[in-house]
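User: Hi, I've just opened this one and I'm new to it. Could you walk me through it?

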Amino acid sequence: SSPRPVYRSRLQQLTELAELLPRVFAGPDLAREWLRHARPESLGGAATPLELMRAGRIDRVLTLLHLLARGG
């Protein structure tokens, strides 16, 4: 069987996240630190990327990671 469309989309987003993190951060420890403790102003400054993802807003985290990967 295959996952329902909503879950397939979430799996694709997680795959994208796993590909972007090593491009942006020099090592898994820095990536984990950013996910758990950073409060980027471009994401509102109140929540960590991990908190946003848990709230269902992985799209916002991915957008920021794409920007950072391009050197922005």
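Predicted model: local features only at pLDDT ≥ 70, side-chain atom pairs only at ≥ 80, totals over all residues.

User: Okay. How many helices and strands does the protein chain have?

Analyst: There are 4 helices and 0 strands. Going along the sequence, the pattern reads α-α-α-α.

User: And what does the C-alpha trace span along its principal axes?

Analyst: About 40 × 25 × 20 Å. The accessible surface of the chain comes to about 5,000 Å², and 53% of that belongs to carbon and sulfur atoms.

User: What share of the contacts is between residues 24 or more positions apart?

Analyst: Counting contacts with a separation of 6 or more, 41% of them are between residues 24 or more positions apart.

User: Let's switch to charges. How far apart are the mean positions of the positive and negative ones?

Analyst: They are 7 Å apart, with 11 positive and 7 negative charges in the chain.

User: How many salt bridges turn up in the whole structure?

Analyst: The search finds 3. One of them joins the side chains of R32 and D29, at 2.7 Å from N to O.

User: Where do R32 and D29 lie?

Analyst: Both are in helix α2, which covers residues 28–37. R32 and D29 are 3 residues apart, about one turn of the helix.

User: Are those two buried or exposed?

Analyst: R32 has a relative accessible area of 36%, so it counts as partly exposed. D29 is exposed, because its relative accessible area is 57% and the exposed class starts over 50%.

User: Got it. Which residue does R39 form a salt bridge with?

Analyst: Its partner is E51, and the closest N and O atoms are 3.4 Å apart. This pair links distant parts of the chain: R39 is in the loop between α2 and α3, E51 is in helix α3 (49–54), and they are 12 residues apart.

User: How accessible are R39 and E51?

Analyst: R39 is partly exposed at 43% relative accessibility. E51 is partly exposed too, with a relative accessible area of 37%.

User: And R57, which residue does its side chain meet in a salt bridge?

Analyst: That would be D59, at 3.0 Å from N to O. R57 counts as partly exposed at 37% relative accessibility, and D59 is partly exposed at 32%.

User: New topic: aromatics. How many aromatic pairs are there?

Analyst: The structure holds 1 aromatic pair. F25 and W34 form it, with 5.3 Å centre to centre and 40° between the planes.

User: Why is that pair called tilted?

Analyst: Because planes under 30 degrees apart count as stacked and over 60 as edge-to-face, with the rest called tilted. The planes of F25 and W34 are at 40°, so the pair falls in that tilted group.

User: Are F25 and W34 buried or exposed?

Analyst: Both are buried.

User: Let's go back to that loop between α2 and α3. Where is T48, and is T48 buried or exposed?

Analyst: T48 is in that loop, and T48 is buried, with a relative accessible area of 2%.

User: What is T48 in contact with, apart from its sequence neighbours?

Analyst: Leaving aside residues within four places in sequence, T48 is in contact with L35, R36, H37, A38 and R39. R39 is also the residue that forms a salt bridge with E51.

User: And L50, where does that lie?

Analyst: L50 is in helix α3. L50 is partly exposed, with a relative accessible area of 23%.

User: How far is L50 from V61?

Analyst: Their C-alpha atoms are separated by 8.5 Å, and the two are 11 residues apart along the chain.

User: Last one: which helix is A69 in?

Analyst: A69 is in helix α4, residues 58–69. From A69 to I58 there are 11 residues in sequence and 16 Å in space, C-alpha to C-alpha.

User: What does A69 contact, and how accessible is A69?

Analyst: Setting aside neighbours within four places in sequence, A69 is in contact with L20, R23 and V24. A69 counts as partly exposed, at 26% relative accessibility.

How values were computed: Residues numbered from 1 in each chain as written. Heavy atoms only, no water. Helix = DSSP H or I, 4+ residues; strand = E, 2+ residues; numbered from the N terminus. Buried < 20%, exposed > 50% of the residue type's maximum accessible area, 1.4 Å probe, protein only. Contact = heavy atoms within 4.5 Å. Areas by Shrake-Rupley, 256 points an atom, 1.4 Å probe, with all protein chains shown as cover. Lys, Arg positive; Asp, Glu negative; His and termini not counted. Charge placed at Lys NZ, Arg CZ, Asp CG, Glu CD. Salt bridge = Lys/Arg side-chain N within 4 Å of Asp/Glu carboxyl O. Phe/Tyr/Trp six-rings, centres within 6.5 Å; stacked < 30°, edge-to-face > 60°.
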